[in-house]
Amino acid sequence: MADHARFDLFADFLTQRFAAPRIWDVAGGMGKLNQALVARGRQCTTFDVRWKHLPNLDYREQLLELSEPCQCDLIVGLHADGATRIIVEYAAQHGIPFAIVPCCSDNGMPYKPWLRHLAELAQDLGMATERRDLAMRGRCTMIVGTPKPT
Ligand SMILES: C[S@@+](CC[C@H](N)C(=O)[O-])C[C@H]1O[C@@H](n2cnc3c(N)ncnc32)[C@H](O)[C@@H]1O
């Protein structure tokens, strides 16, 4: 079962690690991570295709596409399923950091190979990656990517 502490745990990590004022939360579901980030003083925009979500959030009911003009300093995804890959690609294309907590793959790949695949994708796109675990139940491994200095 998904751990409801995940939103606060991920928001704590993100705000301690990154000074980024504007954060995009991709596949953010109801917007609970958005709420947790705003409570910590950050601006957050959530992208998801769900029409039902928490009120009074900056919420875009749409898929994120690579062509979307970049108006964020950090892009993240918590159990973002089919949207996880585009977070990595978007970060690399726009030269911003990302943090993802992967869950299901978009192509039937099992969990551990999916984690390796996402890290390798980021590295192939020129980013440095690291893995950390959040202190939550369930799929808790986070991959953090940062653009390599040129
Ligand atoms: C497992 S839920 C996780 C939601 C939320 N991040 C959480 O932790 O509760 C996966 C979410 O991904 C969204 N999603 C899947 N593919 C997407 C895509 N390509 N773009 C945006 N959202 C997507 C779904 O609508 C769903 O809300």
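Helix H1 passes helix H2 in a right-handed crossing, a crossing being right-handed if the near helix is turned clockwise from the far one by less than a right angle, and left-handed if anticlockwise. The contact is made by Phe7, Asp8, Phe10, Ala11 and Leu14 of H1 together with Lys32, Leu33, Ala36 and Leu37 of H2, where two residues are in contact if their C-beta atoms, placed from the backbone, lie within 7 Å. By class, this contact has seven nonpolar, no polar and two charged residues; Ala, Val, Leu, Ile, Met, Phe, Trp, Tyr, Cys and Pro count as nonpolar, Asp, Glu, Lys and Arg as charged, and the others, Gly among them, as polar.

The model described here is predicted, and local features need pLDDT of at least 70, side-chain atom pairs count only at pLDDT 80 or more, and totals for chains, interfaces and linings use all residues. Residues are numbered from 1 along each chain as its sequence is written. Helices (H or I, at least four residues) and strands (E, at least two) are DSSP runs, numbered from the N terminus.

H1 (residues 6-17) and H2 (residues 32-39) pack at an angle of about 45°, with their axes 9 Å apart; axes are lines fitted to C-alpha atoms, for helices over the stretch in contact, and angles run from 0 to 180 degrees between N-to-C directions. That angle makes H1 oblique to H2, because angles under 35 degrees count as roughly parallel, over 145 as roughly antiparallel, 65 to 115 as roughly perpendicular and the rest as oblique.

Seven strands form an open sheet of mixed pairing, in the order S3-S2-S1-S4-S5-S7-S6, with two strands said to pair if DSSP finds at least two bridges between them. Strands S3 (58-61) and S6 (127-133) stand at the edges with a single partner strand each, so one side of each is left without a neighbour in the sheet. The twist averages 20° from one strand to the next. H2 packs on this sheet, where it touches S1, S2 (43-48) and S4, and its direction makes about 175° with that of S2.

Thr84, Arg85, Val88 and Ala92 in H3 meet Leu118, Leu121 and Ala122 in H4.

Finally, 17 residues surround the ligand, the closest being Ala27, Gly29, Leu63, Gly82 and Ala83.

Methods: Near = placed C-beta within 6 Å.
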